[in-house]
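Have a look at the picture first, then read on.

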Number of protein chains: 2
Amino acid sequence: MTDRIREFLRTRREDGPCVVVDLDVVRTNYQAFARALPDTRVFYAVKANPDAAILQALEEMGSSFDCASVGEIDMVLATGAGADRVSFGNTIKKERDIERAFKLGVRLFAVDSYEEAEKIARVAPRAKVFCRILCDGAGAEWPLSRKFGCEPEMAADVLEHAYRLGLQAYGVSFHVGSQQKNVNAWDGALASAAQIFRACAERGISLSMVNLGGGFPTRYLQDVPAAISYGEAIFSSLRKHFGNAIPETIMEPGRGMVGNAGLIETEVVLISKKSETDALRWVYLDIGKFGGLAETMDEAIRYPLRTPRDGDDTAPCVLAGPTCDSADVLYEKTPVELPLSLSIGDKVIIEACGAYTTTYSAVAFNGFPPLKSYVI
Amino acid sequence: MTDRIREFLRTRREDGPCVVVDLDVVRTNYQAFARALPDTRVFYAVKANPDAAILQALEEMGSSFDCASVGEIDMVLATGAGADRVSFGNTIKKERDIERAFKLGVRLFAVDSYEEAEKIARVAPRAKVFCRILCDGAGAEWPLSRKFGCEPEMAADVLEHAYRLGLQAYGVSFHVGSQQKNVNAWDGALASAAQIFRACAERGISLSMVNLGGGFPTRYLQDVPAAISYGEAIFSSLRKHFGNAIPETIMEPGRGMVGNAGLIETEVVLISKKSETDALRWVYLDIGKFGGLAETMDEAIRYPLRTPRDGDDTAPCVLAGPTCDSADVLYEKTPVELPLSLSIGDKVIIEACGAYTTTYSAVAFNGFPPLKSYVI
């Protein structure tokens, strides 16, 4: 917890859970990414936390932005950033949304299929497109699926199709999986990207750019490598696969940019047992899976917890949220150790909550208001 | 689809997915529940769909309301219903929320622990409490956990504790699991309830009420028993376990009250394959897990789909949402059969979406607005 957040929480009087993000940490993270790969443009993944103050701070530092929707593009442009600093990185776009983005000045679009390239060609003539390829995501903590990207073997065909439709076949993107702790995870994908560059060159199509995606981790329970280590490993793989013809590169940190900049303050609503002889306590907080902690799904992301009783003897607890939904349990398969002295009404700090919390919150499930967010 | 909904959708001009609920179906469902167990008070589980028009219609029909939060209690009281028609059914409540509810006139509270009874005794003197017991939920489609309820062996102790604290030990509740298709699922829980009634009677505490909970299903892909079948089975179990001293009973239908009254209209954003040889198509809709279809988690609830191409030849598809989250996949382990002729831009109807959709929707994940809801 930073001093600024500690001071903010000390004087907060409102009821209910909240996220607090310290912009100084976001700025420090931005600088670390910019230094780790100095020739790589940083496109902040807006979906991680689209708070206007965060976007404004990053705009002022020179960041570009990876947007998932026209809604996010509007938020970025509202900071005063030019549309040349926007990538419409979602591979699943309505044609009329592509058209809206194009009219707003956006010229860089993701595709992973022929069909998406055709939509873009119809309403965003001569735009740049990059093709996302599948990537196995080994080493990542947040489950990747096959949802985004095509098999690398298909990418050159998709890019050629885009080229023949009058678009600029611009490059290749991939995502090595969110919360990726293996700094070498980019190597295989960069080998595939180089192969696609060669396949396109053989067809007379010159690609320019590799989008390194996101995946840069934030610290939860375990230490994670620093941005500089990722930069070194990625640069080494770029050299290995592209020789001295290193392409233009961009990266899309989201979790790595804001995850450790924020925390959630929550309150213990109930501590109880299911029977007189139960070894486990159940600890219920005033935030759960539907209030902003969606990434606890399948217990994927395990957040560090801090209590006012830390240092006292601990015992394992099931941790759950406040709603009347039986699925609103955060950690049960692997219980959490919490102080035996923890009491109803205690405030608990959930660390590293700057990313993927505020916007995941349900509008009003069980009549609870959405998660409050403060960016200071 | 009802004629009223069909007519509404025919003239709708707005973009984006929406839920449409037909109040006539809600009214029919209410009557079916009221007739199925004529001596049982119906407490609609507000969390299933708290739309003001639904609450108003049920208020006018004489329904009572099961509320999960003070927010939901406020919504119910706004219909003009008296606080005597409210049960604060969440077993996890902040003490100040219990106090707020008590000041609003609410006198009926759920507990499943000593600690919760103590909170109620402090701020809601002489209120009625019922103790929720664990129930195995066999036969239910939406996963139950051990989150709510204590072991039946502990319930008499919790109720005695409440009684000694000056509260009215009022009864027992349980929940047989959501989307419960076995009409006999209530039998075991009613046997436990009768046992708790006897255990309390031996201590000089006379319980009055059994809360039968919810669990009444709605029709998704398969037919479900009618309300009357549940009524007959439950009444038979009440007779069996309580003899001719049948207690006051209440029930809390949520899904069964509104599930089949609504549907979602969505649009096909993209249909593509991951490779030239892929057997599966990926069909991406403009609604997904974070836009209101949270109950597709682990593919638990399988919604019926209707397309404008029904009747054409079909093939299996993975079905996914529009966000840049790789977890936003609806059905993949068990793909869905969709027409080969299905096209980008087609409208797809997702049936039986009146419950647990609107309020699960994320506030703005990926910059997409929350699900629109129309109650007609």
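This is a predicted model: local features need pLDDT of at least 70, side-chain atom pairs count only at pLDDT 80 or more; totals for chains, interfaces and linings use all residues.

## Where the two chains meet

Which parts of chain A supply the side that touches chain B? At least two residues each come from the helices α4 (70-77), α5 (95-103), α6 (114-123) and α7 (152-164), and from the strands β12 (262-272) and β13 (281-285). The top contributor is β12(A), which gives five residues to that side.

Now for the whole interface. On the chain A side, 75 residues are in contact with 74 residues of chain B.

## Charges across the gap

Side chains with opposite charges can pair up when their charged atoms come close. Across the interface of chain A and chain B, the rule finds 18 salt bridges. To see one of them, look for A:Lys94 and B:Asp286, whose side chains meet at 2.7 Å, N to O.

Over all chains, the structure holds 66 salt bridges. One joins A:Arg12 and A:Glu265, with 3.8 Å from N to O. This pair links distant parts of the chain: A:Arg12 sits in the loop between α1 (3-11) and β1 (18-21) of chain A, A:Glu265 belongs to strand β12 of chain A, and the two are 253 residues apart.

## Two copies, one turn

How can chain A be laid on chain B? A turn of 180° with a shift of 0.0 Å along the axis does it, and the RMSD is 0.0 Å. The two copies are therefore related as by a two-fold rotation axis.

## Inside chain A

Let's zoom in on a single chain. Chain A is divided into domain 1 (89-253) and domain 2 (260-375). Taken over C-alpha atoms, the centres of these two domains of chain A are 36 Å apart.

How many residues of domain 1 of chain A are in contact with domain 2 of chain A? Seven, and they meet 11 residues of domain 2. Together the two domains of chain A bury about 850 Å², with 65% of it on carbon and sulfur atoms. The count of salt bridges between them is zero, and one residue pair is in polar contact, both at pLDDT 80 or more. On the side of domain 1 of chain A that touches domain 2, four residues are nonpolar, one is polar and two are charged.

How values were computed: Residues are numbered from 1 along each chain as its sequence is written. Chains are lettered from A and ligands numbered from 1 in the order in which they are written. Side-chain values use heavy atoms; hydrogens and water are left out. Contact means heavy atoms within 4.5 Å. A salt bridge is a side-chain nitrogen of Lys or Arg within 4 Å of a carboxyl oxygen of Asp or Glu. Helices (H or I, at least four residues) and strands (E, at least two) are DSSP runs, numbered from the N terminus. Domain bounds come from an automatic or database domain assignment. Buried area is the accessible area (1.4 Å probe) that two parts lose on being put together, summed over both. A polar contact is a pair of N or O atoms within 3.5 Å; within protein, one must be able to donate a hydrogen and the other to accept it, and residues adjacent in sequence count only if both atoms are side-chain atoms. Ala, Val, Leu, Ile, Met, Phe, Trp, Tyr, Cys and Pro count as nonpolar, Asp, Glu, Lys and Arg as charged, and the others, Gly among them, as polar. Copies are superposed by least squares on the C-alpha atoms of residues with pLDDT of at least 70 in both.
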